[in-house]
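Please open the model in your viewer and follow the selections below, which go from a helix to a pocket.

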Amino acid sequence: MQRHLISAADLTRDDAVLILDTAEEMARVADRPIKKLPTLRGRTVVNLFFEDSTRTRISFEAAEKRLSADVINFTAKGSSVSKGESLKDTAQTLEAMGVDAVVIRHGASGAPYRLANSGWIDAAVINAGDGTHQHPTQALLDAFTMRRRLVGRDTGLGKDLSGRRITIVGDVLHSRVARSNVDLLHTLGAEVTLVAPPTLVPVGVETWPCEVSYDLDSTLPKSDAVMMLRVQRERMNAAFFPTEREYSRRYGLDGERMAKMPEHAIVMHPGPMVRGMEITAEVADSDRCTVVEQVANGVSIRMAVLYLLLGGNEPAVPNARTNEEK
């Protein structure tokens, strides 16, 4: 493993499979009465969030605490950032405190890369989402969820997603989740198709390792997993489609469309969902929808990433081997 996790594109197939397999071990910890490992005892991890977050921030904090790390939570609101402090000064403040890892979410694309390569701080940097650029741990938890559902919990160990067909639908233009998933799923051997209105497809998408379609109905029967994306109005400064009703009619997933998918196919969403826009309540609450699973799997994936970046060479779950010997 590398020192930092900035982009899903930085991971090789072996790196990605190692993280997924380690996360499978970490998931077993969640089934224990005491959900805690001593792996990162004495290590300090800072959650540096310059953007609003619910799932990602809580998920990282839960992962850090389950690994026994000392956790410091930082939010831009109410800090010196609101007084004009720069990222460099914030980083140097953290360096003076001797932190071991920084989990950063930032509105500016490239901020985690700058933090990791600037020399301002000598700590592992994990990207928790930067602008419209990357969100690597979200892509990893999505791949973990797909492998568990489509390949199998135990039979999937050591395997990738070769031959699986994944469709990503919605606001691709503003989505760091879509970019990260395209990179990682391609690395894991999956075939990815993006479906969106022409106005929400990024310039240069022809260089991405995926197909592009503007017709959702034609892609659904061939999909093993369909990932719906939220329309990110907070990043929009223009009208990208006429009305919400028209968008939902052409690119929303309802029960009728879900019925066109193969029986084994699953529906995913990175959250937060806008029910009635990109996904109906009927689909969101169905057994085929993995949204709640994705949240649970996010803790396991983030435990795996923190362990591999900071944990050293000891077994991820110390008691696993001794129990087998007994």
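Select helix α3, residues 87–96, helices being DSSP runs of H or I with at least four residues and strands runs of E with at least two, numbered from the N terminus. Its buried residues are Leu87, Thr90, Ala91 and Leu94, where buried means under 20% relative accessible area with a 1.4 Å probe and protein chains only. They lie on the same side of α3 because they cover an arc of only 100° around the axis, taken from the directions from the helix axis to the C-beta atoms. An α-helix has 3.6 residues a turn, so residues three or four places apart point the same way.

This is a predicted model, in which local features need pLDDT of at least 70 and side-chain atom pairs pLDDT 80 or more, while totals for chains, interfaces and linings use all residues. Residues are numbered from 1 along each chain as its sequence is written, and side-chain values use heavy atoms, without hydrogens and water.

After α3, pick glycine 98, whose phi is positive, near 75°.

Then select Arg105, Arg176, Arg230, Gly271 and Pro272, which lie nearest the centre of the largest pocket among its 28 lining residues. α2 (55–66), α5 (136–150), α6 (176–187) and α11 (291–310) each give two or more residues to this lining, and α11 provides the largest share, four residues.

Methods: On a 1 Å grid over the protein atoms alone, a cavity is a set of points where a 1.4 Å probe fits but cannot get out, and a pocket is an open set with protein on both sides within 12 Å along at least five of seven lines; lining residues have an atom within 4 Å of a point. Buried means under 20% relative accessible area, exposed over 50%, partly exposed in between (1.4 Å probe, protein chains only).
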